[in-house]
Amino acid sequence: MAKVSIGLRGWRFEEDEIFTDDEELKPLDEIPEDPRERLLRLVSLVEEPCDVCYLEYGDEEIHRCREAEIVYGEPDGEVLLCPEHESDLLYWFREAGGSDHTGSVEFADRFHEWVAAGNEAPEGYGSVEHVEEDPDGLPDLPDQQEVQERLEEGFEGERIDILELAGEERTEEEELTDEEVVEADLDLSTEYPSDR
């Protein structure tokens, strides 16, 4: 099977790692960790503005920003670009030291600093030719709600003992049952005084 981009061009996935034989997205727990992390991150990036446009217009004129179509970098350190600004990142990466930040979460910060300093690719600087064999043949990326539901599917939770985490032991007499906690009618939103 081939590598494919989903939602945004740039991050490439092995088809057999993320799709079933019926061309449906696999359950998240069957997708290897790295592609799963990228898929989960993509869900929140689709429909976001291009970073360069956003640096130019900001929140006040976000309506003028073009929607990102391309992603480069690593999750949580990625750069989102529209086709018009892809050449800026490529120039920075190839000619202005951007490749020094490959694989780091600082990748996006360093690029943003370079752009904010007024830098851009020279006019006519080449971009990457993206080949789309059958973009409509891929299943749609699930939205954030669907991803959350898939994550919670079959999750029963785990009770965490805070005293145990702090290295203290609780005697059997001090153990609280679930019913006692409910009956205690605690207001967990209350701020209590602290000795710090």
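Reader: Why does Glu69 count as partly exposed?

Author: In this predicted model, Glu69 has a relative accessibility of 38%. Buried would need under 20% and exposed over 50%, so Glu69 falls in between and counts as partly exposed.

Reader: And what makes Glu69 and Arg9 a salt bridge?

Author: Their closest N and O atoms are 3.8 Å apart. The cut-off is within 4 Å, for a Lys or Arg side-chain nitrogen and an Asp or Glu carboxyl oxygen, so the pair qualifies.

Reader: Why say that this pair ties parts of the chain together?

Author: Because Glu69 sits in the loop between α3 (51–57) and β3 (70–72), while Arg9 belongs to strand β2, and the two parts are 60 residues apart in sequence.

Reader: Is Arg9 buried or exposed, and how do you know?

Author: Buried: the relative accessible area of Arg9 is 17%, and the label applies under 20%.

Reader: What puts Glu14 and Lys3 in their accessibility class?

Author: Glu14 comes out at 27% and Lys3 at 44%. Buried stops under 20% and exposed starts over 50%, so both are partly exposed.

Reader: Which residues are joined into one network by shared partners?

Author: Asp34, Arg38 and Glu74, through salt bridges that share partners. In the whole structure, a search finds 9 salt bridges.

Reader: Let's turn to Asp88. What shows that Asp88 has no salt bridge?

Author: The nearest side chain of opposite charge is Arg66, and that is 7.8 Å away. A salt bridge has to be within 4 Å, so Asp88 has none, although this residue is buried.

Reader: Where does Asp88 lie, and which residues is Asp88 in contact with beyond its neighbours within four places in sequence?

Author: Asp88 is in helix α4 (residues 86–95). Those contacts are Val52, Phe111, Trp114, Glu120 and Ala121.

Conventions
Residues are numbered from 1 along each chain as its sequence is written. This is a predicted model: local features need pLDDT of at least 70, side-chain atom pairs count only at pLDDT 80 or more; totals for chains, interfaces and linings use all residues. Side-chain values use heavy atoms; hydrogens and water are left out. Helices (H or I, at least four residues) and strands (E, at least two) are DSSP runs, numbered from the N terminus. Buried means under 20% relative accessible area, exposed over 50%, partly exposed in between (1.4 Å probe, protein chains only). Lys and Arg count as positive and Asp and Glu as negative; His and the chain ends are not counted. Contact means heavy atoms within 4.5 Å.
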